[in-house]
Amino acid sequence: MAAIAATALLLGGALRIDDRASAAPTTRQLVRFGLRELDAARTGDPARYVRAERALRRALAAEPNDVQALIGLASLANSRHQFRAGLALARRAQRVSPDTALTHAAVGDSLIELGRYDEAFATFDRLSELKPGFASYSRTSYALELLGQVGPAITAMSLAADAAGGQGEAAAFARVRLGKLQFSAGRLAAAAREYRAARRAAPGYVEALDGLAHVAAARGQFRTAIRLERRAVERSPLPQYVGVLGDFYRAAGKARLAREQYELVGAIDRLYAANGVATDLELALFNVDHGIRLRESLARARRARSERPSIEADGVLAWALMRNGRCGEALRYSKRALRLGTLDASKFFHRGMIERCLGRNAQARLWFSRALRLNPHFSLVWAPVARRAAA
Amino acid sequence: MRTLVLAVVGIAVAAAVLLVRGPVLDAGQASSHREAPMIAEDPTADNTDLYAYRSPDAPNSLTVIANWIPAEDTAAGPNWYRFSERARYAVNIDRNGDAKADVIYRFRFKNRDGALFLGNTVQDYTVTRVASGRETIVAKGVTPPNNIGPRTTPNYRQLAQAGVFNLAGGGKVFAGQREDAFFADIGAIFDLVAIRKGTGNMGGGKDFFAGYAVHGIALQIPISQLDDRDHVVGVWASTERPQMKIRSYRTKSGVKRYSHEREWRQVSRLGNPLVNEVIIPTKLKDRWNSLSPATDAQFVQFYRQPLLAAVINQLYGLGIPETNRDDLVQVLLTGVPGLNNTGAKLADMLRVNLSIAPSANPNRLGVLGGDLAGFPNGRRLTDDVVDIAERAVAGKLLGHPAGDLLGDGVDGNDVPNLGMFPYEADPPSGFDNVKGQQKP
């Protein structure tokens, strides 16, 4: 299969028969290898980002305008949360081959994370005009979700699931996103159905295990939740899964096990940082949520937001500011975080906490009940707080 | 020398074929922000082959067979294959040479709920005929299930034949899984070192597509509904998907709001074999696939100066003409004068002269082999388009000596065709999977 894929791409630029005869890998083989390492890195082995980069850079050195290598490197930069570098590479790919639909996907992906939403949506529209399909539907769905249009977002993502055809991983990706869309609206049974469909499409798909664990936890079935999340962590030791596992242990009354997981998050994070993955935003959110090193986390959140001024970063910074008692500034970022009209119960809850901190209790209660109405299970740690405060 | 030439031409064609037909790369799983897998493949929308010919057993009809979904592995359960419910499939026919469809047969499929094994690969479908601005439903059909094995899908021949339906106003239709009638030796021609001895124009290759299935649509349309004075029709198959577009607008009070809209967009098309694979450069493939054949004049340089000819010469100095290849333009874009020409309009369509009777002894090389009822006058299941394409690019029509030597050594399909509608053989059953370790 690898050989065939490499061959399949042979004709893309020029045939490089001479390379094949010697021991040196062709550009195609390097790109292929790089993309495979990138996939592996994303599922929890950050050391492979370095190998992916080396291969893709070598490919690009051999063919400076190779669209696949450029898209691969852009995607790699985004994986490392270096979205400005990702945007520059994706723009290069776009200039080299504006009629290749995937170049617009890569550009839009970076723009989204940089908070440049109008440009991102216009780019996704170019993508979907050129070639409606999995790549366009999944991105259009995300855009619609950010705009608070959950119904159309579900429609678009179900088109993506259809366009995945028999491709298990792509189908599983779309199903997991559908599950999360349902979960974000508090619909647990519908979410579980999608996560199970994801597992059928790609057995062992980690995000589906994580999703089912969240559904179980929301139903108070912590033993099941722990069992599923542990399997997710074993397959893919990403910091967010480890942190979630800690939350489940804590909710199940196992404080020591929870603490172990929480300590692990910091350790794994250092591993990512050592492999060039910027994790400030994710770690800041985790720490702020769990009351760990609040002042340092605020600095992290600021740093992350300057690198990546998305509504996600706005939201984390608002929450970090609030938890450090700086509620006036927090309100400014909370408004930014909600400026697209996104329906996100956590962000509603954070806003409620900020309003309360500013002494506006009636406003605060409104935001708490909005959060709970949207998704009573939005956070194992904070939903109970919201319930008490809304009462 | 000849071996090397065969290998080069073979690799180019094989590579190109696999670019569209090859199995799909695994997609990555998402990390903490959204990372949609960077896949570009869309197998259920992907046109793999198109055939159009007068069959000896139905000489008063035009038979059209259009295939989708490359390299279906019938033993790859539990992920079976179906047409997309959300795409729109079409067989387009131009009657007057303007490269715009005068008759469209449009297909929409619907899944059935039910048990995983048998039930859910059966699909209901509707065939709509669009002509003179009118849409008429001409058939409602049901596909047979995937051929899973003798216990799940026993008597597959009968199951398949139950999938033949009549078209209102005359003709027949079938849709469902079929054995891939395409044949080519991808494996050997890829491997420069171990190229199979004695192949080329001497046979003896291995059919890479043996054991794989596709999803096919077969139509038999009375010639009386299509024929006119010049007798030549142009055929192409296409797939459309709905574009979902984010639209922003300002309300009266100046507030920015967003909405979305849907519109059908073509994502794949196929007229002549191997055009997408061999002629159209990678960077333009997405655009080319989105366009109507009526706009093909913009691509004429890639026919007149085919990359493939230049590459062969660069590496092996065969002296194949690299420029001014009006012979290829004729075969692929206008039709051959005196055979199936449709005028000056440049368009990639499979052109069939409806007045030429089916051949009693078909030659796999079609017109190149002196058989006017075969490719490029339409295309039959048995026409060896890889060999024809290799020889044509090598200058056969210009009398160049390389034009007689080339071939991939696979001269026919690994299983016989049915000899009756829907012609393409039943798919190999998953249970009887013969591919073993050959799986790519």
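In which segment of chain B does Pro422(B) lie? Pro422(B) is located in the segment after α9 of chain B; helices here are DSSP runs of H or I with at least four residues, strands are runs of E with at least two, and both are numbered from the N terminus. The model is a predicted one, in which local features need pLDDT of at least 70 and side-chain atom pairs count only at pLDDT 80 or more, while totals for chains, interfaces and linings use all residues. Residues are numbered from 1 along each chain as its sequence is written, and chains are lettered from A and ligands numbered from 1 in the order in which they are written.

Most peptide bonds are trans, and most residues other than glycine have a negative phi. The bond from Phe421(B) to Pro422(B) is cis, with omega near 5 degrees. A cis peptide bond also joins Phe375(B) to Pro376(B), with omega near 5 degrees. Pro376(B) falls in the loop between β12 (350–353) and α9 (385–393) of chain B.

Positive phi values occur at Asn155(B), near 50 degrees, and at Leu274(B), near 70 degrees; neither residue is glycine. Asn155(B) sits in the loop between β6 (134–142) and α2 (156–161) of chain B. Leu274(B) is placed in the loop between β11 (256–270) and α4 (275–279) of chain B.

Burial was assigned from C-beta atoms placed from the backbone: a residue is buried if 20 or more other C-beta atoms lie within 10 Å of its own, exposed if 12 or fewer, and partly exposed in between. Asn155(B) is exposed because 10 other C-beta atoms lie within 10 Å, whereas Leu274(B) counts as buried because it has 23 C-beta neighbours inside 10 Å.
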